[in-house]
Each structure stands twice: as C-alpha cells, then as structure tokens.
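Student: Hi! I have a fold open in my viewer and would like to talk it through with you. Could you take my questions as they come?

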Amino acid sequence: MDRHAQTIRNMFSSVASRYDLLNHLLSLDLDRRWRRKAAAVAFNGRTPALVLDLCAGTGDMALALARQCDGAKIIALDFARPMLERARAKINEAGLADRLVAICGDALRLPFADHSFDLLTVAFGLRNVSPIEAALREAARVVRPGGQMVILEFALPPRGLWRRLYGFYFFHILPMIGRWISGTSAYAYLAESVALFPQPDGFRQLLAEHGFVNAQWRPLACGAVALHTASVACVSDRAPDQPAQVRRCGAPCCQGSVAR
Ligand SMILES: C[S@@+](CC[C@H](N)C(=O)[O-])C[C@H]1O[C@@H](n2cnc3c(N)ncnc32)[C@H](O)[C@@H]1O
C-alpha cells in the first residue's frame, strides 16, 4: 500500500467514531436520502444476486441497499478497520448479518474473481482512491459484463449564486465544524479532494474509457452531489475496432456474440 493510501486509511480510522455524526450534521441529514436514492436507482426493479459496496466506511450505503432489496447478498468492503467495526455493529443491530457482511480489503486489489458481482456501488469513496483509473479498472474486472455500477460523489454546483454560497460553506464552514468535532483536519481534506476530483461530465468520460458503457449522471442537491450510473461493457457494446478483450455475459445483448 503506498503512502497516499496509508494516509487516507489513517485519516478515516481516526475519524471513525465521529464519522456518522459529522456526515448527518454537515449534510443536514440529506446524506441518508442520497444513499436511499442511489440504492433505488441501483435496483430499479432488479434483484441482483451479489452486490459489492466499495469504500463502505461505516456501512450506510450497504445498509441502504440491504433494506431495499431482500433478495441480494451484499459485501461491504473498506480498508479502515475502525470504520468497518462500526459497520459491523450497525449490521448486527439491524439484524442483517445473514445477507450483509463487512470485510477488510483494498479497492485497488479486490480479493474477488473476475465477473463476480451483478452490481457495484461506491458512495463518497472513489475520490479517495488513487489512482482513480486503477480503481475503475478493478471495479470493471469484478462486475460481470452487463452488470451495473452506481456511484455517489460530491460535485461543485454549476455557476451562479448557489455555487458561491455552497463554495463558502464547503470550503470554509464545513472544515471548521469538522475540525471542531473530529479534532482533525480530515474535513479540510474533504473539500480539497472534491475540488481535485473530475467533475461529473469529466468523470462520465473517464468511465467510458475504463470499460463502462451507458454512463450517465444526474445531479442531487442542486448539483452538490452527482449520482452516476454505468454498465460494464458486453461483447455487443464494443466498437468494431476495439481489441478482443471479450467477455460473454449471457444477457440478451450478448446472445450470438462470439468471444475471440
Ligand atoms: C468518505 S468515506 C465513505 C464511506 C461510506 N461509503 C459512506 O457513504 O459514508 C470513504 C471510505 O473509503 C475508504 N477507502 C478509501 N480508499 C480505499 C481503498 N483503496 N480501499 C478500500 N477502502 C478505501 C475509507 O477508508 C473510507 O472509509
């Protein structure tokens, strides 16, 4: 694990006991609604057999998924043990341990075979993983062709008064409250990392370059959060001149395609 990853892991480990409180406080409790929305979009009437929630932290995204879909088995993965301990306590308390497990692992080296998952989710986590391209390649590897990926990430609202007001809150007020309650500078990092992360259209482009198709996003909270959806490419999604890194998924879109 490189130094950046260790720094991130230590930072989240150090804020684990206050993480949920700060999340709900700093988002005016909207974070719960965003995750519920992401879970609803992720399922959209489907029942995936196996779901991976990456950078799961204290488990709120995985719990939102488990509450909305009885039939799915869910693995929540994170590399910060104190965050995972909180996730496990919440999973047990919710009585969901029979179909939701929290495991320790690195998003850049996932301990799963190719094409293991029907759905992969990441809520407010991808921004912390570097390099992001490697994380996307790894995500595309473990999701089956035709499977879905749903990502929630902060964004900077488009121009205008809301951008200025939000920018003032996000870059000045939020780090101050975060430092006061957590006793760390982790919340100054939050604002910096959002400013450095590709904005939604750029991120959509990145998805298209790393094995995903049908990448789309929609704004939440007037553009302060982006909800991205994409699928892992099937054989039939490849352009004719794309190299033969072919996978067959058995979905209708793949029928009759020959893997070469
Ligand atoms: C901002 S928290 C998001 C937690 C949760 N998904 C949520 O919605 O609140 C980001 C999480 O990503 C985890 N993380 C960052 N880089 C990671 C990596 N390379 N592998 C696994 N987890 C990682 C951190 O430990 C942290 O718990």
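Student: What share of the contacts with a separation of 6 or more in the chain is between residues 24 or more positions apart?
Tutor: That share is 68%. A contact here is a pair of residues whose C-beta atoms, placed from the backbone, lie within 7 Å. Keep in mind that this is a predicted model, where local features need pLDDT of at least 70, side-chain atom pairs count only at pLDDT 80 or more, and totals for chains, interfaces and linings use all residues. Residues are numbered from 1 along each chain as its sequence is written.

Student: Thanks. How many helices and strands are in the chain?
Tutor: The chain has eight helices and seven strands. They are DSSP runs numbered from the N terminus, with helices being H or I of at least four residues and strands E of at least two.

Student: And what is the radius of gyration of the chain?
Tutor: It is 18 Å, which agrees with the value near 18 Å for a compact globule of 260 residues. The radius is taken over C-alpha atoms, and the globule rule is 2.2 Å times the number of residues to the power 0.38. Along its principal axes, the C-alpha trace spans about 60 × 45 × 35 Å.

Student: How much of the chain counts as buried?
Tutor: Of the 260 residues, 39% do. Buried means 20 or more other C-beta atoms within 10 Å of the residue's own, exposed means 12 or fewer, and partly exposed is in between, with C-beta atoms placed from the backbone.

Student: Let's move to the ligand. Which residues come nearest to the ligand?
Tutor: Among the 22 residues around the ligand, Cys55, Gly57, Ala80, Ala107 and Ala123 come nearest. A residue counts as near if its C-beta atom, placed from the backbone, lies within 6 Å of the molecule.

Student: Which helix gives the most to that shell?
Tutor: Helix 1 does, with five residues. Helix 1 (3-26) and helix 3 (60-68) each supply at least two residues of the shell.

Student: How does the shell divide into nonpolar, polar and charged?
Tutor: There are 14 nonpolar, four polar and four charged residues. Ala, Val, Leu, Ile, Met, Phe, Trp, Tyr, Cys and Pro count as nonpolar, Asp, Glu, Lys and Arg as charged, and the others, Gly among them, as polar.

Student: You mentioned Cys55. Is cysteine 55 buried or exposed, and why?
Tutor: Cysteine 55 is buried, because 25 other C-beta atoms lie within 10 Å. Cysteine 55 sits in the loop between strand 1 and helix 3. Leaving out residues up to four places away in sequence, cysteine 55 touches Asp78, Ala107, Val122, Gly125, Leu126, Asn128 and Val129.

Student: Switching to packing: at what angle do helix 1 and helix 6 cross?
Tutor: Roughly 145 degrees, and the axes come within 10 Å. Axes are lines fitted to C-alpha atoms, for helices over the stretch in contact, and angles run from 0 to 180 degrees between N-to-C directions.

Student: Which residues make the contact?
Tutor: Helix 1 uses Val15, Arg18, Leu21, Leu22 and Leu26, while helix 6 uses Leu174, Ile177, Gly178, Ile181 and Ser182. Those residues divide into seven nonpolar, two polar and one charged.

Student: And helix 5, which of its residues are buried?
Tutor: In helix 5 (residues 132-142), they are Ala135, Leu136, Glu138, Ala139, Ala140 and Val142. Their cover includes strand 1 (50-54), strand 4 (117-123) and helix 8 (200-209).

Student: What is the phi of alanine 221?
Tutor: Alanine 221 has a positive phi of about 50 degrees, although it is not a glycine. Cysteine 222 has a positive phi too, near 55 degrees. Most residues other than glycine have a negative phi.

Student: Last one: why does cysteine 222 count as exposed?
Tutor: Cysteine 222 is exposed because it has 12 other C-beta atoms within 10 Å. Alanine 221 has 18 such neighbours, so alanine 221 counts as partly exposed.

Note on methods. Contact = placed C-beta atoms within 7 Å.
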